[in-house]
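Biologist: Could we go through this structure together? I have some questions about how its parts are arranged.

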Amino acid sequence: MSDSQAVLELAVRLAREAGAIQRERYETDIEIRTKSASTDLVTEVDKACEALIVDALGKERPDDAILAEEGGGSDRDGAEWRWIVDPLDGTTNYAHGYPRFCVSIGVEHNDEREVGVVYDPLLDELYSAVRGEGAFLNGRALRVSNEANFGAALLATGFAYDIRKSLEDNLNHFAHVIKQARAVRRDGSAALDLCYVAAGRLDGFWEMKLHPWDVAAGLLIVQEAGGAISNMRGGPPPRSGRETVASNRHIHAALIDLLDLA
Ligand code: IPD
Ligand code: CA
Ligand code: CA
């Protein structure tokens with residue numbers, strides 16, 4: 001088995017195990033706290049999922065670096081393999097019993113996106129990709145949509161937790177895009193939004209101020225499904241997630257043009 005295949009298998013196993021925790025504790029009485037803002041939540045389930053993943057990686061891949069959202073990982077420069085973990089993407093949804101959330105695990109090899117796994121435990125949908133080998137949903141090959149008409153395109157976006165105090169709030173972009181597209185969704189899980197672009201359920205997605213763990217898996221999955229990924233001006237998307245645009249390719253230029261309007 002190749003190294004990438006072994007990493008994929010482990011990522012799939014851990015995403016499923018963390019997803020099982022999310023499923024079991026969904027709509028139960030869980031502890032919820034706030035982080036950077038009163039709207040930025042973390043629950044005991046985020047922490048339990050991260051602990052499961054980080055502990056297993058520590059035992060099975062002790063030489064690998066880990067960047068995990070809730071701070072449990074041990075990130076460092078120079079590691080050949082780097083795991084980038086969002087233990088629960090869609091925490092606000094989870095806390096409210098809104099059924100849209102997932103586990104996201106992206107793995108870089110020598111600083112390049114190599115493996116991506118996103119698991120939606122309620123729908124039992126497992127998205128996966130290895131660089132150069134295509135993207136899959138529960139084993140079925142994924143392909144982005146063919147929609148080329150922006151007026152018939154369905155897009156998604158999201159808004160950062162600092163929206164109450166930042167002027168860089170994405171509302172201007174949202175206003176421009178929603179006037180031109182068929183519709184724009186805001187559904188609270190960036191990792192799933194990216195997978196939906198890969199699956200052809202959405203034609204495009206953009207968001208500002210995301211973090212590496214929101215996009216590490218999803219960007220590779222979009223790319224391997226034949227989609228386009230970029231920053232807000234059409235250049236390479238930063239690994240930080242600060243500017244993320246993904247689409248079926250056909251509507252990418254039109255989307256970038258709209259995001260470029262003030
Ligand atoms: C959030 C979700 C949401 C996006 C936020 C993210 P979290 O991640 O992906 O869709 O709009 O910007 O921070 O906090 O639920 O892991
Ligand atoms: Ca997230
Ligand atoms: Ca999260």
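Biologist: Leaving aside neighbours within four places in sequence, which residues is Ile53 in contact with?

Modeller: This is a predicted model. In it, Ile53 is in contact with Leu14, Ala18, Val85, Val103 and Ile105, once neighbours within four places in sequence are set aside.

Biologist: And which residues have the most contacts inside the largest nonpolar core?

Modeller: They are Ile53, Trp83, Ile105 and Val117, in a core of 33 residues. Elements giving two or more residues to this core include helix 1 (3–25), helix 2 (44–60) and strand 4 (81–89).

Biologist: Which element gives the most to this core?

Modeller: Helix 1 does, with nine residues. Another core, of 29 residues, lies apart from it and has Val144, Val215, Leu220 and Ile221 among its members.

Biologist: Changing topic, what are the protein donors of the calcium ion (ligand 2)?

Modeller: Asp86, Asp89 and Asp214 each donate through OD, at 2.1 to 2.2 Å from the ion. Asp86 also bridges this ion and the calcium ion (ligand 3), the two ions lying 3.7 Å apart. Because Asp86 is in strand 4 and Asp214 in helix 6, the pair ties together parts that are 128 residues apart in sequence.

Biologist: Is Asp86 buried or exposed?

Modeller: Asp86 counts as buried, at 1% relative accessibility. Asp214 also counts as buried, at 7%.

Biologist: At what angle do helix 5 and helix 6 pack?

Modeller: The angle is about 0°, with the axes 8 Å apart, so helix 5 is roughly parallel to helix 6.

Methods:
Residues are numbered from 1 along each chain as its sequence is written. Chains are lettered from A and ligands numbered from 1 in the order in which they are written. This is a predicted model: local features need pLDDT of at least 70, side-chain atom pairs count only at pLDDT 80 or more; totals for chains, interfaces and linings use all residues. Side-chain values use heavy atoms; hydrogens and water are left out. A nonpolar core is a set of buried Ala, Val, Leu, Ile, Met, Phe, Trp, Tyr and Cys residues joined through side-chain atoms within 4.5 Å. Buried means under 20% relative accessible area, exposed over 50%, partly exposed in between (1.4 Å probe, protein chains only). Helices (H or I, at least four residues) and strands (E, at least two) are DSSP runs, numbered from the N terminus. Contact means heavy atoms within 4.5 Å. Axes are lines fitted to C-alpha atoms, for helices over the stretch in contact, and angles run from 0 to 180 degrees between N-to-C directions. Angles under 35 degrees count as roughly parallel, over 145 as roughly antiparallel, 65 to 115 as roughly perpendicular and the rest as oblique. Donors are N, O and S atoms within 2.8 Å of the metal (3.2 Å for Na, K and Ca); water is not among the atoms, so sites may look incomplete.
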